[in-house]
Amino acid sequence: KMRHISLFRLKPEYRAPEIVIAIAAQLRAIPKKLPTILDCEIGTKPLGGPDAHQIITFANEDDCAAYPASQAHADFLASSQPYMEKVDVIDYPVE
């Protein structure tokens, strides 16, 4: 298995709760569009952390590597990128 973690920090002018909730809703839609996702967790506003985060589990490295080029990922980027100040991504194998 492979895990893909994305940490999203929104631009200061977009950190209102309703925008964070809308971003989280967009993240929750991704697994419905991509059957290679085994599990997906979404969180918002951790203490002192990013505005939102997503943890996705894929069956293997190939599925994880294919995710950035997927239509589901492209759709999310198209709708959310204007709000983003910074995105950190970590991919790692899960034993």
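**View 1. Phe 58 and Tyr 67, two buried rings.** Both Phe 58 and Tyr 67 are buried (under 20% relative accessible area, with exposed over 50% and partly exposed in between; 1.4 Å probe, protein chains only). This is a predicted model: local features need pLDDT of at least 70, side-chain atom pairs count only at pLDDT 80 or more, and totals for chains, interfaces and linings use all residues. Residues are numbered from 1 along each chain as its sequence is written, and side-chain values use heavy atoms, with hydrogens and water left out.

**View 2. Aromatic pairs.** The structure holds 3 aromatic pairs. Rings of Phe, Tyr and Trp (its six-membered ring) pair if their centres lie within 6.5 Å; planes under 30 degrees apart are stacked, over 60 edge-to-face, and the rest tilted. The ring centres of Phe 8 and Phe 76 are 5.6 Å apart and the planes meet at 65°, so this pair is edge-to-face. Phe 8 sits in strand E1 and Phe 76 in helix H3, so the pair ties together parts 68 residues apart in sequence. Helices (H or I, at least four residues) and strands (E, at least two) are DSSP runs, numbered from the N terminus. Both Phe 8 and Phe 76 are buried. For Phe 58 and Tyr 67, the centres are 5.7 Å apart and the planes at 45°, so that pair is tilted.

**View 3. Gln 54 in strand E3.** Strand E3 (residues 52-58) holds Gln 54. Gln 54 counts as buried because its relative accessibility is 1%. A polar atom of the Gln 54 side chain lies 3.5 Å from the backbone oxygen of Leu 27. Beyond its neighbours within four places in sequence, Gln 54 is in contact (heavy atoms within 4.5 Å) with residues including His 4, Phe 8, Leu 27, Cys 40 and Tyr 67.

**View 4. Ser 80 in helix H3.** Ser 80 is found in helix H3. At 1% relative accessibility, Ser 80 counts as buried. A polar atom of the Ser 80 side chain lies 2.7 Å from the backbone oxygen of Phe 76. Not counting residues up to four places away in sequence, Ser 80 touches Ile 23 and Gln 26.

**View 5. The largest pocket.** About 170 Å³ of space lies in the largest pocket. Of its 16 lining residues, the closest to the centre are Phe 8, His 73, Phe 76, Leu 77 and Val 87. A pocket is an open set of points on a 1 Å grid over the protein atoms alone, where a 1.4 Å probe fits, with protein on both sides within 12 Å along at least five of seven lines; lining residues have an atom within 4 Å of a point. H3 gives the largest share of the lining, 4 residues.

Key
Grid points are joined across faces, edges and corners, and a volume is the space filled by probe spheres set on the points. A polar contact is a pair of N or O atoms within 3.5 Å; within protein, one must be able to donate a hydrogen and the other to accept it, and residues adjacent in sequence count only if both atoms are side-chain atoms.
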